[in-house]
Amino acid sequence: MAVRYTARMQFQPGQDSGLISDEFLEACRVGQIDEVMFFAFAEEQNDGHDTLKRIQSWMDTLRPWKHALEAEGIEVSLNPWHSLLHTDRGRRLKPGQSWQTMVDWRGYSASAVVCPLDPAWRDYYAKAMRIFAAEHFRVIWIDDDIRYHNHAPLDWGGCWCPLHVAEFVRRAGTSASREEIVSRAIQSGEPHPWRGLWFDMWEDSHVALLDSWREIVEGAGSRLGLMSSSVEAHAMEGRDWSRWWHAIARESPPVHRPHFWGYSETPAPILVYGISQMQQHRALRPAAIESDPEIECFPYGPWNKSFRQTLAQMALAQVFGSDRLAISLYDFMGNLPSDEPERAKFLARVKPVLDWLGEQFPPSWTSYGAGVPWRADFSRNVHTDGRNDWRSLEVASRGWDNWLGAFGIAFQKEPHASLNALAGTMVWGYDEDTLRAWLAAGLLLDGPAAAAMVERGLGELIGLADTRFITQDEVLYSMEESLDAEFGLRPSAQMSLNADKPYANRLLQGQLLSGARLISDLRDPTQRVVGHGALAFENSLGGRVVVVPWDASAGTNLCTQRRAQLAKVLAWLARGVSLGSVAGGAWLVPQFLTDGTRWRGVVWNASPDAVREIQIRPPDAMGLIQRAVHCGAEGNRAEAVVRSNLVALAQPLQQWEWVVLNPD
Ligand SMILES: [Zn+2]
């Protein structure tokens with residue numbers, strides 16, 4: 001699919017309209033921009049909820065600009081910056097806006113972020129939506145402030161205001177205070193029914209809002225677009241995505257703008273985050289959808305994020321078959337695109353390689369690799385640790401992604417028939433039949449996931465009983481030592497378990513059941529053995545399980561010895577079948593995608609160190625790699641030499657560059 005650029009822009013209502021038109025038309029011509037997404041009352045130009053009169057004047061300003069673009073064949077969409085409002089940042093409700101503001105779980109009230117249940121605010125925003133809809137933009141975007149989390153300065157977010165508490169009490173047919181509701185919703189053990197009831201109430205209210213806005217917008221011939229944030233955070237709101245897609249679109253496929261990368265120049269782990277997020281978004285969307293991922297950059301331009309990393313982000317979106325890229329390169333204050341003409345030149349320079357990439361990766365193809373499964377309803381079922389914090393509902397589902405991706409091992413955010421990895425509280429998201437099916441194949445567990453398995457009565461299938469966690473305060477562990485070469489780089493290879501890194505803050509210990517094979521042990525600073533390390537186990541279902549004692553979701557601690565250990569563990573679990581991996585340097589991150597018959601791969605270099613040779617171990621079903629194309633940061637492409645899955649590059653593969661692998 002050819003790439004389509006949507007440039008996000010905002011100017012000031014009082015600026016010289018002709019000058020601004022000339023400016024953005026020139027940027028669109030030079031940058032080969034297909035669509036402009038105008039923002040209104042955004043960021044620096046936001047002083048809270050704008051009055052309807054000022055909203056109308058924003059539209060009066062945008063109208064001639066929209067016509068000028070359309071006359072040049074450039075499409076135009078609109079992103080009003082707020083519905084509920086993202087954050088207070090000193091903003092207050094204006095005179096006449098006597099609305100209920102958002103309240104967090106501790107009872108703290110925002111000064112400007114509103115409660116979505118307030119009837120007067122809902123009436124105001126419906127009127128605003130009619131003003132937007134009358135302008136006939138291609139898409140009217142709802143920003144990702146339509147959410148319950150991340151409304152600073154609230155703690156986590158809201159809303160637990162008196163309106164919400166009253167609505168909950170009505171639905172539950174009971175009486176309860178905010179404190180009582182929160183306490184039951186996050187209590188440890190089997191989830192209290194109030195958690196689901198609370199989530200349902202939140203969902204009903206947002207879905208009804210979106211539904212009413214969609215009616216206004218579709219009725220006027222436009223489409224409603226939805227931006228969303230991190231999927232784990234939305235899970236803590238109880239979001240039921242299928243209802244959201246239905247609410248925002250009836251007449252054509254829904255339009256979605258997923259977040260998937262950081263705002264600023266960010267080190268290597270952001271790539272794995274992006275791969276995970278894009279897979280997760282895909283999993284929760286219908287097949288027919290317009291996907292316009294957000295190419296975030298704030299503040300804007302190369303001092304904040306290099307063109308090199310911006311291109312990697314755009315390229316990743318293309319690997320996931322995106323329809324348009326919603327690009328942030330221009331600021332929201334009204335500065336002129338000609339202040340930095342190299343931005344438009346950058347867009348033009350890289351468009352051909354992004355076009356080509358879109359052709360290589362059709363949107364219907366799916367990711368392939370070790371399964372690190374995930375569910376959007378994790379937070380509804382999780383057993384919390386009982387601490388008094390709404391964040392205890394968070395289920396970190398990307399823990400293993402960070403280890404596997406960095407080590408060059410491909411992963412998929414869907415279960416795999418023969419190999420899966422679970423970390424932490426993910427175990428609570430699945431029924432016993434599902435867990436048993438995974439236990440009958442190959443399963444990697446971190447310490448907290450193994451503890452949850454034992455708590456669920458499945459200890460006999462993982463080779464452990466009587467589990468408990470130890471800390472460095474109780475047992476002075478500091479290293480893990482591999483015991484044999486089948487599961488490590490070599491016997492005596494050592495890996496740090498210093499609690500300086502959170503993944504080693506607590507380690508799982510237990511009684512090893514008969515047949516459990518110790519593959520590493522824990523050492524203290526004097527090399528004394530102070531506990532068991534990882535264990536490998538073949539269970540009565542015929543499956544293979546490896547348990548590591550540490551917490552895979554609490555950051556990483558990467559080294560050659562750990563890479564060798566995990567690569568060999570996964571090979572043993574998968575009984576030698578390759579699910580896709582690469583080697584040749586730190587932070588060579590692979591992706592493999594397929595439609596079940598055809599295959600393509602990508603290897604990213606996320607490390608500042610350049611690489612000249614990459615050893616590919618493609619998924620068995622993919623076959624030998626026949627062609628490899630090096631895509632460079634200048635938008636250049638070059639064929640590499642491939643022999644027996646060894647890719648030799650004519651020029652070094654620099655950071656944020658990538659190689660496309662083709663078995664045909
Ligand atoms: Zn409320």
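L85 counts as buried at 0% relative accessibility, where buried means under 20% relative accessible area, exposed means over 50% and partly exposed lies in between (1.4 Å probe, protein chains only). The place of L85 is the loop between β3 (75-80) and β4 (101-103). Helices (H or I, at least four residues) and strands (E, at least two) are DSSP runs, numbered from the N terminus. Phi of L85 is near 95 degrees, a positive value in a residue other than glycine.

## Basis of the report

This is a predicted model, in which local features need pLDDT of at least 70 and side-chain atom pairs count only at pLDDT 80 or more, while totals for chains, interfaces and linings use all residues. Residues are numbered from 1 along each chain as its sequence is written, and side-chain values use heavy atoms, with hydrogens and water left out.

## Further backbone features

Most residues other than glycine have a negative phi, and most peptide bonds are trans. D466 is not a glycine, yet its phi is positive, at about 50 degrees. This residue belongs to strand β17 (residues 464-470). With a relative accessibility of 58%, D466 counts as exposed.

Two cis peptide bonds may be described together. One runs from A152 to P153, with omega near 5 degrees; P153 is placed in the loop between β6 and α4. Another runs from F298 to P299, with omega near -10 degrees; P299 is placed in the loop between β10 (294-295) and α10.

D144 is found in the loop between β6 (139-142) and α4 (162-172). Its relative accessibility is 7%, so D144 counts as buried. Leaving aside neighbours within four places in sequence, D144 is in contact with H86, M227, S228 and S229, contact meaning heavy atoms within 4.5 Å. The C-alpha atoms of D144 and I625 are separated by 41 Å, and these two residues are 481 residues apart along the chain.

H164 is found in helix α4. This histidine is buried, with a relative accessible area of 0%. Apart from neighbours within four places in sequence, H164 is in contact with C115, P116, L117, Y148, C159, W198, M201 and W202.

## Packing of α3 with α6

Helix α3 (residues 119-133) packs with helix α6 (residues 193-219) at an angle of about 30 degrees, and their axes are 9 Å apart. That makes α3 roughly parallel to α6. Axes are lines fitted to C-alpha atoms, for helices over the stretch in contact, and angles run from 0 to 180 degrees between N-to-C directions. Angles under 35 degrees count as roughly parallel, over 145 as roughly antiparallel, 65 to 115 as roughly perpendicular and the rest as oblique.

The crossing in which α3 passes α6 is right-handed; a crossing is right-handed if the near helix is turned clockwise from the far one by less than a right angle, and left-handed if anticlockwise. From α3, residues W121, R122, Y125, A126, M129, R130 and A133 meet S205, A208, L209, W213, I216 and V217 of α6. By class, the contact of α3 with α6 has 10 nonpolar, 1 polar and 2 charged residues. Here Ala, Val, Leu, Ile, Met, Phe, Trp, Tyr, Cys and Pro count as nonpolar, Asp, Glu, Lys and Arg as charged, and the others, Gly among them, as polar.

## Packing of α10 with α11

Helix α10 (residues 307-319) and helix α11 (residues 342-360) pack at an angle of about 30 degrees, with axes 10 Å apart. The two helices α10 and α11 are therefore roughly parallel to each other. In passing α11, α10 makes a right-handed crossing.

On the α10 side, F307, T310, L311, M314, A315, Q318 and V319 meet E342, R343, F346, L347, V350, L354, L357 and G358 in α11. The residues of this contact of α10 with α11 comprise 10 nonpolar, 3 polar and 2 charged.

## An open antiparallel sheet

Strands of a sheet pair through backbone hydrogen bonds, either parallel or antiparallel. In this model, 4 strands form an open sheet in the order β26-β29-β33-β32, with antiparallel pairing; two strands pair if DSSP finds at least two bridges between them. At the edges stand β26 (581-583) and β32 (641-643), each with a single partner strand, so one side of each is left without a neighbour in the sheet. From one strand to the next, the twist averages 25 degrees.

Strand β29 (residues 611-617) and strand β33 (residues 646-653) run antiparallel and are joined by 4 bridges. The bridge partner of V611 in β33 is L653.
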